[in-house]
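Have the model open as you read.

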Amino acid sequence: MLRLGLTGGIGSGKSTVAQMLVRQGATLIDADDIAKRCTLPGGVAMPAIVRRFGEQFVQPDGAMDRARMREHVFAYPQAKQILEHIIHPLVQQEIRRQAEASSAALTVFDIPLLVESAHWRHMLDRIVVVDCAVETQIKRVMDRNGWDRQQVEAVIAQQSSRARRLAAADSVLCNDQIDLETLRNQVLGLGRQIGL
């Protein structure tokens, strides 16, 4: 069994690559999806979020108000640390559970903060970075999410630098100024290289 860590900055195309690998037979463990489920109505993180941040960060359906929380943690770095202290251990626990349950030849760990955290490297056989220029990231996220440039730049500033991600990579998939078919061919090449 091969355990592949997949990462990239916001708007890099990491999720697209993850789905392409799934279509080649990989099992996907998606850290963002796990974190999101923790903050849905009835999610395991919600009682602690309410205790630490208050009811004003909860939507009427019981889910965390993601837009309000995003603004809050950008304005108050300590709030980001508190939120991460609540969510990250829950995400790590679920990732470990899913990894132990996987019997696939390739398990892909889609972890946005892979480079930022030393926690994951020892669990992985290989790290793949999906890379593109910062300006490409900004344009994609503005188009996809409807955010303004300042919001996107704030997220990028909180992530590892492009150089740091590239330095941690065993393989790099370039997803800048190419079409989907070219990206798919790169992913197929990666699959052949790792024995998919």
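## The largest pocket

Start with the largest pocket, which has 47 residues in its lining; I10, D32, R66, P112 and Q159 are the ones that lie nearest its centre. Keep in mind that this is a predicted model. The volume of this pocket comes out at about 1,700 Å³.

What sort of residues make up the lining of the largest pocket? They split into 19 nonpolar, 15 polar and 13 charged.

## Who supplies the lining

At least two lining residues come from each of α1 (14-23), α2, α4 (66-75), α5, α6 (134-145), α7 (149-158) and α9 (180-193). Which helix gives the most to the lining of the largest pocket? That's α5, with seven residues.

## D32, close up

D32, one of the residues nearest the pocket centre, sits in helix α2. D32 counts as partly exposed because its relative accessibility is 46%, which falls between the 20% cut-off for buried and the 50% cut-off for exposed.

Setting aside neighbours within four places in sequence, D32 is in contact with D110 and P112. P112 is another of the residues nearest the pocket centre. The chain also brings D32 and I111 together: they are 79 residues apart in sequence, yet their C-alpha atoms are separated by 7.2 Å.

## The buried side of α2

Helix α2 covers residues 31-38, and its buried residues are A31, I34, A35 and C38. Viewed down the axis of α2, these buried residues fall within an arc of 100 degrees, so they line one face of the helix.

## Q98 on α5

Now over to α5, which spans residues 77-101 and includes Q98. Is Q98 buried or exposed? Q98 counts as buried, because its relative accessibility is 18% and the cut-off for buried is under 20%.

Leaving out residues up to four places away in sequence, Q98 touches L28, I29, I34 and R37.

Technical notes:
Residues numbered from 1 in each chain as written. Predicted model: local features only at pLDDT ≥ 70, side-chain atom pairs only at ≥ 80, totals over all residues. Heavy atoms only, no water. Helix = DSSP H or I, 4+ residues; strand = E, 2+ residues; numbered from the N terminus. Buried < 20%, exposed > 50% of the residue type's maximum accessible area, 1.4 Å probe, protein only. Contact = heavy atoms within 4.5 Å. Arc of directions from axis to C-beta. 1 Å grid on protein atoms, 1.4 Å probe; cavity = no way out; pocket = protein on both sides within 12 Å on 5 of 7 lines; lining within 4 Å. Points joined across faces, edges and corners; volume = space filled by probe spheres on them. Nonpolar A, V, L, I, M, F, W, Y, C, P; charged D, E, K, R; others polar.
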